[in-house]
Amino acid sequence: MSDPIIHINNVGKSYKLKHLLGTSKDDMFIHSLKNWTKNLFSRSQADEEFWALQNISFDIQKGDRVGIIGRNGAGKSTLLKILSRIVAPTTGRIEYDGRMASLLEVGTGFHGDLSGRENIYLNGSILGMSRKEINARFDEIVAFSEVEKFLDTPVKRYSSGMYVRLAFAVAAHLDPEILIVDEVLAVGDAAFQKKCLGKMREISGQGKTILFVSHNMAAIQNLCNKSLVLKNGQVDFSINDTNQAIRHFIKESIVLGKTQLRKRTDREGELQIKFDGICLVDKNGVEVNGIKSGEEINFVIETKVEAKKINNVGIAITIYSDEGIEMMTLANHIADKPFETVSEDNKLFCNIKKFPLTKGDYVANLSMYKDGILQDYIKEGFSFTVYEGDFYGSGKILPGHKPSVLIDHQWKIK
Amino acid sequence: MLCLKTIIDSRSASFLDIKEILRFKDLLWNLSKRDVLIRYKQTFIGVLWAVIRPLINILIFGLIAQFIERSASLSDKFITVSAGVVLWTMISTAINDISNSMVANSNILTKVYFPKIIIPLSSLTVCLIDFFISFIILLVLRIFYLGLPGFEILLAPLFVIYAMLFSFSIGLFFAALNIKFRDVKFVIPVLVQIGFYVCPIFLSLEFYLDKLPENLEPIFLLNPLVNIIEGFKYSFLGEPMTVPIIYMYASLGITFLFLFISVRYFVKFEKTFADFV
């Protein structure tokens, strides 16, 4: 094996958490004054250390397209920021060879009052291109962005699609040896996303090295030949074949979904009312582990309520396939209306007459609202398995293994 | 063995990496250009404002000055005060803009790598461009009122460079401090205002020396700003300088010391900027 183009050795990043939240009235001066007086009497550390990344070591070979996978807060963005030299690591060392360019957002430094032409030069130089390089690639950039006609219009008058196209066009013509990309493909319409992916494949085809972070597993599968999984700031699955890494990641989130809901602490929202339990109950009232396609099923939710009862409660269950594709959302306040009052004795039922998903593993994000204000949100709070079932009552089953949606429908010939 | 060129670790640099800054000179230029361009976008008379603004500034201060001190000849006084005001405007704007530059550009700072000192440098460049226009106006007024300047005028660029060094040294320190403590944005205007009154911009140097107790005089004269302003006025009017030359050198030394401390401070914390901003 040849020498790596990027060598990452034991990289870590820690942040000091200032405990200001409880005493939000205090400003920094009072806070440091208090700290100072406290330290006079005791040696205790008032600020807590938080390691966003720890013990990260891996090598990347020239020409590899590496995907970085992990849920929110796993440290993906921190790692990219360290690699792009925006923030410095607390420990460890990275060595790399050649020119590196990073795209952590499209259109960094774009100014609305400047024309498209002026922004190409500004953005290009922010991304590290010299004037000469921009001049040489100017026509290509313009052609790729498809905004020739509006080159001298201030970009604040651009449609958001045009804006993104121009921004990506500049970035796509950077021509570095190593390219770092973070989620930029989340913007723009489908056709443009396809074009971006195509451009990135083209870049990687020229023997360039790419590091790519995305929540879109399909995009990672499509682009990257190798991937690694980060979890809680550490390497959870070291750099390997992309499909293996994705499988590992999905398995992890399904395990997480099976952990008891009331033990989850990674919640968002006001928490006046929160999820305490969720289970599946079939039409006979028996709790089950899985669902058959086409079966009648109930999602049954138990809650924990801070006051005696809470009014006007909305609940949403958003179901994702194990590839991270959103399949559907069950929401009482959309499909019907919010529950008028909810107390802890209540069980909340969501009944589905014919369950419409094909076999596979699914994960659900759970959210709860009071008067439209988020009370509790748990990412991947629930997971379940769907088994093959005779949805259509025809005795036949839709072929294929990809998760998909089944719909009742009739065929006719006239 | 492949030569691995770039190394990232937690150690901070000890001083400026000049080669790296030069690599990003186009960025410096484009950022400065952006700041100049956006100022006159969507205005009716556009770049004319670049001339009108300093002209109004000069006229207001120059005319008021004539009412305050009647000793000197009117046109002399007008040009002296104008020269002081023009240079002071550059210094104060530069200190203010440079101090706020890092925070104002935080959106770029947290997304892309480049030597951070490019940002305060571009603010300084913008102030210099503005100053250049004012300088031309000033020169025209000088020729109109008092005829062609003497050879002293060739010294003017030196004092302008001195002024830039001083404003940059002060601004750079506050630019770095501003990232952690936004208090800076309240402190700077106060400092600038004090600066205006302790320097012989509006009133003549003699006026200050008359009023000051004798033992405070050296401290007053060690102020780099006093030397910069007096020197610039001298280069414009050719009247012999009241400040002994020894103070000029001493204050220049002080400025370089400031600059050294500021750059060290800035470079030391450069790597942590994106964490705090």
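Predicted model: local features only at pLDDT ≥ 70, side-chain atom pairs only at ≥ 80, totals over all residues.
**Ground rules.** I noted that local features need pLDDT of at least 70 and side-chain atom pairs count only at pLDDT 80 or more, while totals for chains, interfaces and linings use all residues. Residues are numbered from 1 along each chain as its sequence is written, with chains lettered from A and ligands numbered from 1 in the order in which they are written.

**Entry 1: where A meets B.** I looked up the contact between the chains and found 32 residues from chain A and 27 residues from chain B; two residues are in contact if their C-beta atoms, placed from the backbone, lie within 7 Å. On the side of chain A that touches chain B, β4 (91–96) and α3 (116–126) of chain A each give at least two residues. I use helices (H or I, at least four residues) and strands (E, at least two) as DSSP runs, numbered from the N terminus. That side of chain A holds 13 nonpolar, ten polar and nine charged residues. Here Ala, Val, Leu, Ile, Met, Phe, Trp, Tyr, Cys and Pro count as nonpolar, Asp, Glu, Lys and Arg as charged, and the others, Gly among them, as polar.

Entry 2: Next I followed β4(A) over to chain B, where four bridges join it to strand β1 (residues 6–9) in the antiparallel sense; two strands pair if DSSP finds at least two bridges between them. I picked out two of the partners: Tyr96(A) bridges to Thr6(B), and Ile94(A) bridges to Ile8(B).

**Entry 3: a helix of chain B.** I checked α6 (residues 118–146) of chain B: its 29 residues reach 40 Å from first C-alpha to last, close to the expected 42 Å (1.5 Å times one less than the number of residues). Just after α6(B), Gly147(B) takes a positive phi of about 85°.

**Entry 4: the domains of A.** Chain A is divided into domain 1 (62–254) and domain 2 (264–387), with bounds from an automatic or database domain assignment. Their centres, taken over C-alpha atoms, are 36 Å apart. Each domain puts seven residues into the contact. For domain 1 of chain A, α7 (217–223) and α8 (242–258) give two or more residues to that side, and α8(A) has the largest share with three residues.

**Entry 5: pairing around β8(A).** I found strand β3 (residues 65–69) of chain A pairing in parallel with β8 (residues 226–231) over four bridges, where Ile68(A) partners Leu228(A). β8(A) also pairs antiparallel with β9 (residues 234–241) of chain A over five bridges. In that hairpin, with two residues between the strands, Asn232(A) takes a positive phi near 45°.
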